Amino acid sequence: MCITFLISSCTSTEKKPGTMSFTVSMDQPWTHYYHVEFLCDGIRGEALDFRMPAWTPGYYMILDLAKYVINFHAEDGDGNTLHWEKVSKNTWQVGVYDTPVVRVSYDVYAFTQSVAHPFLDDGRGFISPAGIFMYINGYLHHPATVTIKPYQEWDKISTGLDPVEGSSNIFYAPDFDVLYDCPILVGNQEILSFKVEGIPHYVAQETPADIDDQKYLTDLKAMVESAVSIIGEIPYKHYTFIIMDRGMGGLEHANSMAVFSGSRYSLSDPGGYKRWLAFLAHEYFHLYNVKSIRPIVLGPFDYNRENYTNMLWFSEGVTVYYEYLILNRAGLLNREETLEQLRRSITNYENIPGHLFQPVTMSSFDTWILFFNRSENASNTTISYYDKGCALGMLLDLKIRHATKGEKSLDDVMRTLYYDYHKDKDRGFTDGEFRNVCEDLAGCSLEEIFEYASTTKAIDYPKYLAYAGLQIDTLSLVIPGTYLGVDIREIEGTPVITNVVWNSPAWLAGLSPRDTIIELNDARATTAMLNNILDSGHPGDTLNLLLGRRTGRKSFEVVLDKKILKSFRITPLDNPDPEQLTILNGWLDN
Ligand SMILES: [Zn+2]
């Protein structure tokens, strides 16, 4: 009764007919099943197609979330069963014959630990909405309410959705794009909070962080303020950091993020803490770059199939670039540390053969089949748009600053795209529009940088870093030891090759991923022995290997090569001129 009243009160001003309301329960979380009831009142037609999204925005992979659905059932308002049939892998077509009320129910198995999948166990419920809430085809713009019935031992619900006034467990979404953008954490999480410009920010942590709360909140606030200052406005009424226990990855949303506190981040260690803050800055800044400032296909979305774009080098890679700038401007990363982070992105990109084969625009376009489906050969043929995009972001920023004598920067590009496209035009930008904005602000052609994006042409880092009075070490240094060109994983004491680097001595000699190394120079092989041979040997040495593979045991001779290091270390030039110093000081705080 109360629920009905609240639903009608919040949707009464909507022009759209009917109401849609979900109720999600989780009575036995250890079974990993959510029970979902979807009540549609006044949505009329001969047949309605209930559809589960094939993917969730930000996680560019077809997940086929419909595969976790069982016990689909449909009935009318009097409890009469309605006939349904599946008409595609993710579509349940229900014959409703103009009946005013349709109740659909189903169960969702949720036991995948990922920011893009629902999860439920006796510790938490993570409602990744695209895996829980079906939409009715043609009704993505319809508002909906969500009632969460937590497991009896849980009393906290954290989400970016607005609560319905007077309720703590009923939420309102003005349309399904918002609904799918608002994950929900249910459990006994600790909830900390701080305010920026009077706007509440909630930090919902499944496990309290191993760090002083006040310092943590002060740093998060500084991070948020630094990011906000780039664009100049906060577009939400509240923001929620959903932080789950150890796991991998994070996913951005317009007024929340869902992240795992991965094993990479030991918050009590200063380096680990800074990496953690950079990770949060990345997901946070996405509320601007990708949720608002976005390639034209990335919102509104087609939830039924891949949404292809060449521009993830900008949406993701430049967000990596801004992670470091945001922390630098917040006083959380000094200039040297910031340059070190940029160096890492450059070396990650330059040190894999894939940079000779795959342009970053193609890396973006093909992310649907490559990014989460890496083969053992991936680093030979593909690159990460996070790494190269970060490098190109730096180049764009330095070029614009140089061309405008420090008057303009990449920040102006972000603001222009935010206000002119997201706010005024209410849409994303095409590839051409993006380039025009950059070149208009720079006042010159940026042909070279866009060529770096669409080709594998070698990047002239020294030229761009010199604009800021910096130099980068691109020399190939020969270092002690020898080079074979394989990655190894030891399985039950035996080294197994997991990757053979393109054109390396191992590649040229015919070694292959999945080869088991049985003997090295006629002795039983271990990983330690291999490392020792490579470290203590000399270029030109011959290494004899006995390998096991599908076609039997085989002997190989490999001539070891020089070991080469390109550091890409970025350091100040000895005598920068005033213009270079102006750009450097405008770019990075000391
Ligand atoms: Zn990202």
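The text below covers confidence, domains, the metal site, a strand pair and some salt bridges.

Residues are numbered from 1 along each chain as its sequence is written, and side-chain values use heavy atoms, with hydrogens and water left out.

The predictor's confidence in each residue is given as pLDDT, from 0 to 100. For this protein the mean pLDDT is 95, and 97% of the residues reach 70 or more. Residues 1-15 are another matter: pLDDT stays under 50 there, and the model has 16 contacts beyond four places in sequence for them (a contact means heavy atoms within 4.5 Å). Where pLDDT is low, the predicted coordinates should not be read in detail.

**Domains**

The protein is divided into domain 1 (2-188), domain 2 (192-344 + 390-470) and domain 3 (477-565); such bounds come from an automatic or database domain assignment. Between the C-alpha centres of domain 1 and domain 3 there are 53 Å.

**The zinc site**

Which residues coordinate the zinc ion? They are H282 and H286, each through NE2, and E316 through OE, at 1.9 to 2.1 Å. Donors here are N, O and S atoms within 2.8 Å of the metal (3.2 Å for Na, K and Ca), and water is not among the atoms, so sites may look incomplete. Along the sequence, the donor residues are spaced H-x3-H-x29-E. Helices (H or I, at least four residues) and strands (E, at least two) are DSSP runs, numbered from the N terminus.

Are H286 and E316 buried or exposed? Both are buried, where buried means under 20% relative accessible area, exposed over 50% and partly exposed in between (1.4 Å probe, protein chains only).

**A hairpin**

Strands β27 (residues 542-549) and β28 (residues 552-559) pair in the antiparallel sense over 8 bridges; two strands pair if DSSP finds at least two bridges between them. With 2 residues between them, β27 and β28 form a hairpin.

**Salt bridges**

A search of the whole structure finds 24 salt bridges, each defined as a side-chain nitrogen of Lys or Arg within 4 Å of a carboxyl oxygen of Asp or Glu. Three of them are listed here.

| Pair | N to O distance |
|---|---|
| K215 and D219 | 2.9 Å |
| E225 and K221 | 3.1 Å |
| K563 and D535 | 4.0 Å |

K563 lies in strand β29 (residues 561-565) and D535 in helix α16 (residues 527-536), so this pair ties together parts that are 28 residues apart in sequence. K563 is partly exposed, at 28% relative accessibility.

In helix α3 (residues 213-231), K215 and D219 are about one helical turn apart because 4 residues separate them. K215 is partly exposed, at 41% relative accessible area, whereas D219 is buried at 8%. E225 and K221 are also 4 residues apart in helix α3, about one helical turn. E225 is partly exposed at 36%, and K221 is partly exposed at 30%.

How values were computed
Predicted model: local features only at pLDDT ≥ 70, side-chain atom pairs only at ≥ 80, totals over all residues.
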